[in-house]
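Try each task before you read its solution.

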Amino acid sequence: MAPGTSPTADRAAPRWDGAVARRAPARARRPLGPGPRTRAVRTLKGLAGIAIAIAAWELIRALGVVPSAYVPGVGSILSAGVEDFGSQLAPAIGDTLKAWAAGLAITVPAGLVLGVVVGLSRWADAALRVTVEFLRPVPSVALIPIAVLVFGVSLRMQLLLIVYACLWPIFFNVRYAVQGVDPLLVDTARVAGLSRPATIRRVVLPSTLPALFTGLRIASSIALVLAVSAELITGAPGLGKLIVDAQGAMQIPLSYAAVFVTGIVGFLLNAAFTALDRRALPWTVAARGERP
Amino acid sequence: MSAVRSGGRVAPALLGWVVAALLLLLWQLYAESAQELYLPTFADSAAAAWDLLTGTALTSDVLPSVGRFALGYAIGCAVGVAVGTPLGYLRPLEPWVRPVLEFLRALPATAILPLALLVLGANGGMRVAVIAFGACWPVLLNALDGARHVDPVLIETGRVSGLGRTAILRRIVLPASLPQIFAGLRIALGIALIVMVLSEMYGASSGLGFEILNSQRRFMVPETYGGVLVLGLIGWSVSVLFTRLEQRALAWHIARTGGRSGA
Amino acid sequence: MPDEIIRVDGLRKAFAVRDGETLAIDDLTLGLRQGEFLSVVGPSGCGKTTLLRCIAGLLERDGGDVRYRGERVRGVLPGLQLVFQEFNRSLFPWLTVERNVRFPLHGLSRGEAAERARHALALVHLEAFAGHYPWQLSGGMQQRVALARAIAARAELVLMDEPFASVDAQTRIALERVLLDVWRELGLSILFVTHDIEEAILLSDRVLVLSQRPSRVIAELDVDLPRPRDQLKTKELPRFQDLREEIFALLGLDRDELLAAGSPAAT
């Protein structure tokens, strides 16, 4: 803008030193969050980090710090994984995920119902409080022997464990959310003439969704840990059993591959739930914080 | 006035204990009458638990288990905080390490037990190492995220006061991330307990986990339940201790926000 | 004429945005004399906070010089304290008030640090709250703690970024008085950024008026009003009114088309 074209330039203000009032440049609307270029750079850095980790693994092997017969190179692990994927890894993944999915399918509705009931009723909450406080810290894997006693080595044995362990995160999260429902919302519903069941259905339940999703994410990883752990000990079919069997058959690279795949499965499940979380309830993610 | 108030608080708490006692009674009566193989009475289970806690098993199994758990947990948490906090503060490094860290966190720690046994041998050190491995990732990632999100105004206050990077890390970033770190510590507590138990069920010859599994395999059912009860007791005590510690360490945060930001 | 403690020459600062750069500060020059109370006023968003941060060394500048007692400075300026607008975020929530005030005093012995903290708290009339936590205090009190921290650090130079913007009017009056008392007693040099024109005139020896972004100094006014200043009496003086009118005019606040395009007050 040339001096003199601004509407204020002709004002006789003796102290102006010639600076022309300029309007701040209009800024285009930017979407929230990192731009695509930043995300791409982050991804690249992440991949580079993985490459460095792999290099570090090989370095440790080369240094001879650990007996190299028992710590195969990344190459041999990869080839074992690829070779035996169809015959060993894929079925094992399927078996583990079967238990995982069945367990969650039972636990989520149960935890939701229990959480809502206890959350809504102060007496139910008080009645169960002591019992829950004593049951909760029992490490779920400690129940493996009991589960085997009752159900033998079977899917139901795994389900017993998974349900027991995963009930808590879902139950507590839902209960917490129900107890924390904004009373203003409930009052609004009542003033609008909603019956109690309708209020629960249309106000309370939706309010619990964010907490439910968080609990679901936690429960998912717990369920995987329990499914695999039970397989390790009892020989129920799945990734845990494969890890043990491969080692027993001295197929060490395959054993490592199975461990790695277990990690990948966990990683993907976690990523899936986080993405689901963000998609379904984007506005609450920041409010809840990122970590369970 | 105070009688009414304390009455209002006592009654619900009492109800909790009454219900718990009733459930135990129910267990006892049902087990007595049904005579199922896999369901001993509460009395028998409690007796077996008592034996574990007062007999030779205390020093040969129970205490060593607790010791390994405590050591593994402590190491895992220390490593997690020591590595995670600087990583979060030094922003540039974070995108490089995040995928690897997220993978390691998602990997169920118990899955590495067979291979750890192979590489490190069947000894207490191996078990402690695996416990530490399981415990460190949630702590590390929480410490990292906590450090990342420290209010920049606090850090600027530090810089203006002439503090160097190390001092800022120690005196500002660490205390400010404490709530987030404690959330990770609590998660790690549960994981450490799980890994401890499982490490004693796989390729072990002593320890509380071994005792429970061994009893089951020999169909000594009350002893199995007794071991689980002892484990529950340990888990409960550890949890209560942790909560006490958390309340003291985060007193400033709890008072300010009216509640934990963690679990 | 006392020496200049701070000299800024041709300061330039740009920020990267989506499609290029936006210039926040362009060729800004100012000098702060020892013991002077200098205010900087300007339209919203003109970069006053950026200016303070550049002087303090918290932001890297893209051009120009900052000199402290004649020496060019890179990085964080030594011997200064910055009082933020977001005072509640600048106090460490895990420390008591007293420990917060002691925070910058890391080179001293415990006894000496405690003594300085006590003295500083007394100056802002908060000795009784030394053991409290920041969240237990009101906004005005928290800002006083931040001020006490600057005092305890024996900073000769205090940069203040709209420190009273978020407190209510009555608290602000009290805080302004405390600030003037402390300034006079300790002989501080203060660079005070504000959007409140009356506050700027009331407190300072000189007022600099900044332009719209990209900012530069468009006017410099000597506030030749008698000291000690008073909230009521000083504001009634005709000279006060004159200064106010002049600054209003410079900022374009006296006209109806306040937010019209091209007006300095438009953002």
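**Exercise 1: domains of chain B**

Find the domains of chain B and the distance between their centres.

Step 1. Chain B is assigned domain 1 (1-35) and domain 2 (41-257), with bounds from an automatic or database domain assignment. Step 2. Taken over C-alpha atoms, the centres of domain 1 of chain B and domain 2 of chain B are 32 Å apart.

A note before you go on: this is a predicted model, where local features need pLDDT of at least 70, side-chain atom pairs count only at pLDDT 80 or more, and totals for chains, interfaces and linings use all residues. Residues are numbered from 1 along each chain as its sequence is written, while chains are lettered from A and ligands numbered from 1 in the order in which they are written.

**Exercise 2: a helix with two sides**

Work out which residues of helix 6 of chain C are buried and which are exposed.

Step 1. Step 2. C:Leu175, C:Leu179 and C:Val182 are buried (20 or more other C-beta atoms within 10 Å of the residue's own, C-beta atoms being placed from the backbone). Step 3. These buried residues line one face of helix 6 of chain C, because they fall within an arc of 70° seen down its axis (the arc of the directions from the helix axis to the C-beta atoms). Step 4. On the other side, C:Ala169, C:Gln170 and C:Glu185 are exposed (12 or fewer such atoms). Step 5.

Notes:
Helix = DSSP H or I, 4+ residues; strand = E, 2+ residues; numbered from the N terminus.
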